[in-house]
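Me: I would like to go through this structure step by step. May we begin with what a cavity is?

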Amino acid sequence: MPPKTFSQVVLRERPDADILPDTFESRTKAFDELHVGKSQALVQVTYLSLDPAMRGWIKDGRSYLPPVKIGEVMRSGGLGVVVSVGEGSKFKKGDLVSGMFGWTEYAVADDKSMEKILPPPGSTSLDFLNTLGMTGMTAYFGLHDVGQLKAGETLVVSGAAGAVGALVCQLGKRAGARVIGIAGAPDKCAWLEGDLGVDKALNYKSPTFREDFSKAVGYLDVYFDNVGGEMLDLALSRLNQNARVVLCGAISAYNDPKPKGLVGYLNLISQRAKIQGFIVFDYAKQYPVAVKEIAAGLADGSIKSKFHIVEGLRNAPSALPMLFSGANAGKLVVKVSDEPSMSSKL
């Protein structure tokens with residue numbers, strides 16, 4: 001039997017700085033409001049991805065995606081199971097799919113907005129919210145297309161214990177680079193060195209961090225930036241000639257209503273260096289190339305991942321700020337439901 005109601009979480013107000021308890025609110029909807037049209041499917045959401053980019057999605061400003069509207073279901077990538085289909089849908093009941101379902105227990109989605117999930121050997125469906133999903137695509141194309149990393153070069157990664165950063169570190173080692181990761185806790189640094197095999201992990205909260213950074217790095221060829229701010233400025237002071245700076249994110253500035261500008265940018269001129277931002281959606285046609293390589297690493301054990309799972313859709317609003325305090329250990333996801341039994345008449 002289908003449920004009588006289901007829950008959604010919507011944007012209540014736009015925060016000026018940190019995400020607050022009243023930034024979002026829960027709503028209960030009648031299940032019979034969900035109508036599946038032609039080339040559509042009804043999906044029961046199982047997991048949702050929480051990502052730093054979501055902070056930008058709730059800002060009312062020009063960006064690569066329109067901002068989430070007040071009262072609108074919070075945007076989020078997720079996994080789910082098809083429970084019914086409309087006329088002409090390419091999916092069938094029981095298919096495991098990924099899509100931008102948002103913070104909701106059930107969603108009606110167009111066929112063209114979803115992909116069927118078929119986990120390759122050595123992976124699970126949850127990897128499609130991490131190494132085989134947008135996280136993995138961001139790491140892969142940021143490093144290889146924008147960063148143009150070569151064997152023997154020095155790669156420095158900020159936010160290295162985060163989902164994107166951890167994969168960048170591993171891809172860098174696979175490419176034959178010397179890899180230095182920056183994180184914010186001793187246990188995260190130990191994980192980077194012991195489990196992921198980075199050459200050196202630096203704790204940016206250490207009182208000797210700047211000295212440690214200069215000594216460990218020397219001069220860098222590729223800086224993969226997830227943090228921005230003072231960390232980016234520090235990296236700009238240690239550029240090799242023709243270095244590449246990959247602007248993936250700026251988590252230190254997302255909650256700052258007046259983020260500070262760069263100071264050390266003149267080094268880009270003297271070292272003939274390049275600094276470039278990118279948006280992962282631009283590489284959509286090339287995703288299969290990245291999935292194939294990353295899946296091979298998962299299968300042979302050379303690429304590892306871990307998850308921080310928060311239980312229940314109602315806890316998504318309180319979990320999202322963990323990304324900005326460093327409280328999560330691994331790719332942060334919300335478990336919304338167990339995969340439904342297809343023997344039901346939902």
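Reply: A cavity is a set of grid points where a 1.4 Å probe fits but cannot get out, and its volume is the space filled by probe spheres set on those points. Please note that this is a predicted model.

Me: How many cavities of 30 Å³ or more are there?

Reply: The count comes to 1. About 80 Å³ of space lies in the largest cavity.

Me: Which residues lie nearest its centre?

Reply: They are Asn130, Ala163, Ala166, Ser305 and Lys306, out of 14 lining residues. By class, the lining has 5 nonpolar, 6 polar and 3 charged residues.

Me: What comes just after H3?

Reply: Gly176 is found there, with a positive phi of about 90°.

Me: Changing topic: which residues touch the most other members of the largest nonpolar core?

Reply: In that core of 48 residues, they are Leu155, Val168, Leu171, Leu192, Phe224 and Ile294. H3 and helix H8 (287-300) are among the elements that each supply at least two residues of this core. Apart from this core lies another, of 32 residues, including Leu50 and Val336.

Technical notes
Residues are numbered from 1 along each chain as its sequence is written. This is a predicted model: local features need pLDDT of at least 70, side-chain atom pairs count only at pLDDT 80 or more; totals for chains, interfaces and linings use all residues. Side-chain values use heavy atoms; hydrogens and water are left out. On a 1 Å grid over the protein atoms alone, a cavity is a set of points where a 1.4 Å probe fits but cannot get out, and a pocket is an open set with protein on both sides within 12 Å along at least five of seven lines; lining residues have an atom within 4 Å of a point. Ala, Val, Leu, Ile, Met, Phe, Trp, Tyr, Cys and Pro count as nonpolar, Asp, Glu, Lys and Arg as charged, and the others, Gly among them, as polar. A nonpolar core is a set of buried Ala, Val, Leu, Ile, Met, Phe, Trp, Tyr and Cys residues joined through side-chain atoms within 4.5 Å. Buried means under 20% relative accessible area, exposed over 50%, partly exposed in between (1.4 Å probe, protein chains only). Helices (H or I, at least four residues) and strands (E, at least two) are DSSP runs, numbered from the N terminus.
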